[in-house]
Amino acid sequence: MRNKFYRLLTLPLLSAVMAWGQTVPSPKEHFGFNIGDDYKLANYTQTAAYFKKLAASDRTQLVDIGMTEEGRHQYMLIVSSPENIKNLKRYKELSQRLAHAKGLTDEQARSLAAEGKSVIWIDGGLHATEVVGAHQLIETMYQLVTRTDAETMNILNNDIILLTHANPDGQELVSDWYMREADPKKRASNIPRLYEKYVGHDNNRDFYMMNMKESQNISRQLYVEWLPQIMYNHHQRGPAGSVLAGPPYRDPFNYVFDPLIVTSIDAVGAAMNNRLNVEGKPGYTQRAGSQFSTWWNGGLRTAPYFHNMIGLLTEIIGNPTPETVPLVPERLIPNGATPNPIVPQVWHFRQSIDYSVSLNYAVLDYAARYRTELLYNIYKMGRNSIDRGSRDNWTFYPKYIDSIQAVAKAEKKKKDTAATAAEGEEGGEFSFGREDTIANKYYSMILKDPKLRDARAYIIPADQPDFPTAVRFLNALILSGIEVQKAPAAFTAAGKSYPAGSYIVKTDQAFRPHVIDMFEPQDHPNDFQYPGGPPIRPYDAAGWTLAFQMGIKFDRILDAVDGQFQQVPYGELQSPPKQAVAAAKAGYLIDPRINNAFIVVNDLLKAGVKVYRIPAGGAYYIPVAAKAQAILEKDAADFGITVTGTDQKPAALTALSPMKIAIWNNYGGSIPAGWMLWLMEQYHFSAEFIYSKAIDAGGLKKKYDVIIFPTGAIPDTGKPKRAPRMGGNDSRPPKPEDLPEQYRGWLGKINADTSIPQLKQFLEEGGEIVTIGTSTNLAYHLKLPVQSALMEKNSKGVMKPLAGSKYYIPGSLLTASLDTTAVENYGMPASNDVYFDRSPVFKLTSETAGIKKLIWFPTDKPLHSGWAWGQQYLKDGVAAFVAPVGKGKLYAFGPEITFRGQSHSTFKLLFNQLYKQN
C-alpha cells in the first residue's frame with residue numbers, strides 16, 4: 001500500500017520533470033554540440049540566446065546587468081527553487097541587511113540568517129581566451145535548471161545562485177576567431193586584438209577603480225545589489241604539472257580584512273579539494289603550489305575580501321584543442337600543496353568542464369549545508385568592522401612590529417650584560433613555538449601609541465584644487481558599496497573648518513577594510529625565498545593606495561566625527577558641483593591643476609577656439625568669444641570645472657594647437673596601449689594606433705606630431721628576444737598568410753635595425769616621442785648620455801643590474817620631486833607619488849647638455865605604499881627627463897604615469913606633452 005501510494009505521488013512529479021526536459025533544450029540541441037566537445041566553442045550571441053531559453057524555467061530569473069564597452073547586453077541568470085525565485089526581493093533585502101550589519105544585534109542577525117538563503121556568485125568568461133570559464137557557466141546553468149537529484153534540490157532550496165557572464169565581448173571575439181577555420185586542427189586562439197575592448201587581461205585589475213563598463217556592472221551586483229557571501233571567479237591556467245590551482249592561497253594575506261575571511265577560504269577550499277578527491281579527479285594544488293595570494297585588492301575575486309565576502313579563484317587547464325598534462329617531477333610527490341598529484345596524460349576540454357561543474361557543486365553544497373553560518377558570519381565580520389571603527393584600534397602592520405623589535409633591541413644593547421647576551425645563545429636550529437620573546441611593555445609603547453591609531457574617518461574637503469577628480473575617487477568608493485556622507489553646511493572637525501559640500505567617509509561601517517585600503521599605505525612584508533635569497537614576486541601590486549594614486553587631498557581623523565551629515569544612498573554616484581562661467585571682458589582662466597581642464601581645452605581646440613597657456617604656472621587663457629563661452633558654460637556644468645573671468649589679457653602667452661597623436665600597439669593587443677587609447681577618449685584627445693610595420697615604413701613626420709610608446713614597446717639594447725607572446729591558450733604569433741588582410745599590418749615588433757632609425761629620423765625632423773616604463777629603452781638606442789642608476793660592478797668589474805637580494809621594488813607608490821618650473825610639469829606639485837613597478841631609473845652623465853630632469857628621488861626612503869627593498873639605491877636617481885633630438889624631443893618617464901587608468905595625479909605628465917606650443 002505504501003509503495004502504491006509513493007508511485008501515485010511521484011507520477012505527477014515525473015510527468016512534470018519529463019515535460020520540463022522537453023521544453024528546455026540541452027546544450028547540444030541548442031548549440032549543435034555538447035559543451036566540452038573537442039574543437040568546439042560557442043560565441044556570446046549563441047550563449048545569450050541560450051540564457052533566454054533557460055529563463056523560461058521557473059527556477060530562473062534573467063537579469064540584464066548593463067551594457068558592455070562594445071554595446072552588448074551583459075546577463076546574469078539567477079537560479080534557485082521556484083519558491084525562492086518568487087521571493088527574491090526579500091532574500092536580497094536579508095542579504096543586504098546582514099552584510100551591512102548596522103543596527104542589528106547578534107540575536108536579530110541569527111534570526112535573519114535563519115530566514116535567509118545563501119547567495120552565491122559564480123562567473124565565467126572574464127579572460128575570454130580562458131575558454132573553460134564561459135563554457136562551464138553554460139553547463140552549470142543547464143545542470144542546475146534541469147537536474148532533480150537530492151543534492152541539486154537541496155542546493156536550490158537553500159541557495160540563490162548568481163551565474164554571471166563576465167565578458168560578453170570577449171567570448172564573441174575569441175569563439176568566432178577560433179571557429180573561423182574549417183579544419184579543426186588549424187583552430188587557434190591567437191586573436192588579433194584585446195578581448196576586452198580597451199584593457200584585455202586587465203579587466204581583472206579594475207575592481208576598485210571600475211573604469212570599464214563591465215566592471216561597473218559586476219561591482220554594482222556584488223557590492224550594492226546582492227552582496228553574496230561567496231563569490232567564485234573561474235580562470236585559467238593551472239600551474240604546469242597540475243590540473244588547477246585553487247583555495248586556500250599562499251601568504252601574505254592583507255592585514256586589514258577580518259580573520260574570518262582567511263579561515264572561511266580554508267573551509268570552502270577544503271570542500272572543493274575533497275569533492276575532487278572523492279570523485280577521483282586529481283591534480284588540485286593550493287597554497288605554495290601556486291602564485292596566488294590574498295594580499296592585493298582590485299581583482300574580481302580579491303576585492304570581495306575587503307567586503308567580508310569569501311572570494312574563490314581557480315585556475316584550470318583546458319582548451320578545445322586537446323593538450324597534454326606535462327611531466328613536472330617535483331609535483332608527483334604528494335604534499336600539503338598537492339595532496340593528490342596527476343600523472344602526465346592527454347587532456348580533453350570536457351574534462352575541464354566536468355572538473356569545473358564539480359567545483360561549482362562543491363561550493364554550492366557547502367553553502368547549502370552551512371547556510372545560516374555563512375549568513376551570520378558575513379554579519380559578524382561587518383559587526384567587527386563597525387566596532388573597530390567606533391573605538392581606538394591599531395592594525396598590526398609589519399612596520400609597527402619592526403618598531404617594537406628595534407626599540408627592544410636598542411634597550412637590550414644599552415644594558416649589554418652577560419645575562420642578556422646569554423639569553424640568545426640557544427641551539428642552531430629553529431624550533432616552532434620557541435621563538436624569542438621580549439617584554440610586553442614594548443607592545444604598549446608602539447601598539448598603544450595614540451598617534452598610531454587607525455583613522456575613525458577621512459574627510460575630503462570640497463575646496464581642494466581638483467575636486468572633480470576627488471568626486472571620481474568617491475564614486476569608486478560608492479560603486480564598491482562604501483557608505484559615504486556629505487556635509488550640507490560648513491563644519492569643524494579636529495579643530496579644522498571644512499566647507500559645505502565636503503565628503504566624510506567613516507570607518508565604523510561593514511566594509512571598513514576596503515575604506516582603510518583605499519586611504520592608507522599598504523605595508524607589504526619583506527618576502528624572500530630564504531634569508532639572503534631572491535624575493536618572491538607578489539601576485540600583482542604590492543602597494544596601490546587609490547587616494548595617493550589619484551592625488552586626493554584628505555584629512556585623516558583619529559577621533560569620532562559627528563555632524564549634520566547626509567548619507568549618500570548606497571550606489572548613488574555623485575557629480576562635481578555644476579559651475580557657472582564668470583563674466584569677463586578680456587578672457588577666461590582655468591586652473592592647470594584640474595585634470596578635467598584637458599577636456600575643456602580639447603573641446604575648444606576642436607571647435608577652432610584659440611587657447612593659450614600662461615608661461616608662469618601654466619594656467620589656461622581663453623579670449624572672450626561667443627563660441628568659447630558656449631563651450632565653457634557646457635563643460636563647466638558637465639565636468640565641474642571652475643572658469644574665472646579676467647578683464648586684462650596676460651602679458652605673456654603661449655598658443656596651443658592640437659597634435660596628431662599615435663599610440664604604438666602590436667598584434668594581439670598591448671594592454672598598456674589599450675589603457676592609453678581609453679584615456680585619450682576620456683579626456684577628448686584624438687589618437688590612433690600605429691603598428692611596427694608602419695613605423696618601419698618611415699615617413700612618420702608626414703602623418704604624426706607625437707608617438708606614444710607605452711611600457712613594453714621598445715626592447716632593450718641586448719640580444720634580440722623571441723617574438724612577443726599573445727594572450728590565450730595558443731599564444732604563438734600567426735603567419736601573415738593565415739590572417740585576413742586587414743590584420744597582416746599589425747604583425748611585427750620594434751627592432752634596432754628597421755624601427756629605431758625611423759624613430760630617430762622622426763625626432764630629427766621635429767617629431768616628439770613619449771616613452772613610458774621599459775620603452776624608455778629608446779634613450780639607450782639613441783645613445784643619449786644617460787645611464788641606468790640601478791647598476792653596479794660585479795666581481796669582474798663588469799656593470800650588471802642590482803641583484804634581487806639587494807634591490808627589488810614591485811608595483812608600489814614612491815614619492816618623487818618634480819621641477820615645477822618645467823612646462824612639461826605644468827599643474828603638478830613639487831612632490832607627488834608615482835606608480836613604480838621595477839621601473840627604469842636614470843643617471844645623467846656629465847655630457848647631458850640640453851637634457852632636463854623632470855622627476856627624481858631626493859631621499860633614500862621614497863616608499864609611500866607597498867614594498868621597496870633596497871630603496872636607498874634610488875637616492876638622487878632620475879625618474880623622468882626630456883632630451884632634444886634634432887628638431888624634436890624625447891620624453892622618458894620611468895614610472896607608469898597612466899597606470900591602469902588609476903594614477904590620475906600623474907596624467908598631466910602625459911597630457912602636457914600632447915599640444916604644440918607656439
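**A buried strand residue and some charged pairs**

Tutor: Let us begin with Ile459, which is found in strand β12, the strand that covers residues 457-460. Please keep in mind throughout that this is a predicted model.

Student: Okay, is Ile459 buried or exposed?

Tutor: Ile459 is buried, because its relative accessible area is 0%, and buried means under 20%.

Student: And which residues is Ile459 in contact with, leaving aside its neighbours within four places in sequence?

Tutor: With those neighbours left aside, the contacts of Ile459 include Phe491, Ala493, Tyr498, Tyr503 and Ile504, and also Lys553, Phe554, Asp555 and Ile557. As for Asp555, its C-alpha lies 5.2 Å from that of Ile459, although the two residues are 96 apart in sequence.

Student: Let's change topic to charges. How many salt bridges does the count come to?

Tutor: The count comes to 41 salt bridges. Side chains of opposite charge can pair when their charged atoms come close.

Student: Can you show me one? Where do Arg453 and Asp559 sit, for example?

Tutor: The side chains of Arg453 and Asp559 meet in a salt bridge, with 3.0 Å from N to O. Arg453 lies in the loop between α16 and β12, while Asp559 lies in the loop between β17 (555-557) and β18 (566-567), so this pair ties together parts that are 106 residues apart in sequence.

Student: What does Arg456 pair with?

Tutor: The side chain of Arg456 forms a salt bridge with that of Asp392, at 3.4 Å from N to O. This pair links distant parts of the chain, since Arg456 is in the loop between α16 (441-447) and β12, Asp392 is in the loop between α13 (371-389) and α14 (398-415), and 64 residues separate them. Arg456 is buried, with a relative accessible area of 15%, and Asp392 counts as partly exposed at 34%.

Student: Now the backbone. Is the peptide bond from Gln236 to Arg237 cis or trans?

Tutor: The bond from Gln236 to Arg237 is cis, with omega near 5°, and Arg237 has its place in the loop between β5 (230-235) and β6 (244-253). The bond from Pro247 to Pro248 is also cis, with omega near 0°, and Pro248 is found in strand β6.

Student: And is the phi of Ala101 positive or negative?

Tutor: The phi of Ala101 is positive, near 65°, in a residue other than glycine. Ala101 lies in the loop between α5 (88-100) and α6 (106-115), and at 0% relative accessibility Ala101 counts as buried. Ala494, which is not a glycine, has a positive phi of about 50°; Ala494 lies in the loop between β14 (491-493) and β15 (496-498) and is exposed, with a relative accessible area of 69%.

Methods:
Residues numbered from 1 in each chain as written. Predicted model: local features only at pLDDT ≥ 70, side-chain atom pairs only at ≥ 80, totals over all residues. Heavy atoms only, no water. Helix = DSSP H or I, 4+ residues; strand = E, 2+ residues; numbered from the N terminus. Buried < 20%, exposed > 50% of the residue type's maximum accessible area, 1.4 Å probe, protein only. Contact = heavy atoms within 4.5 Å. Salt bridge = Lys/Arg side-chain N within 4 Å of Asp/Glu carboxyl O.
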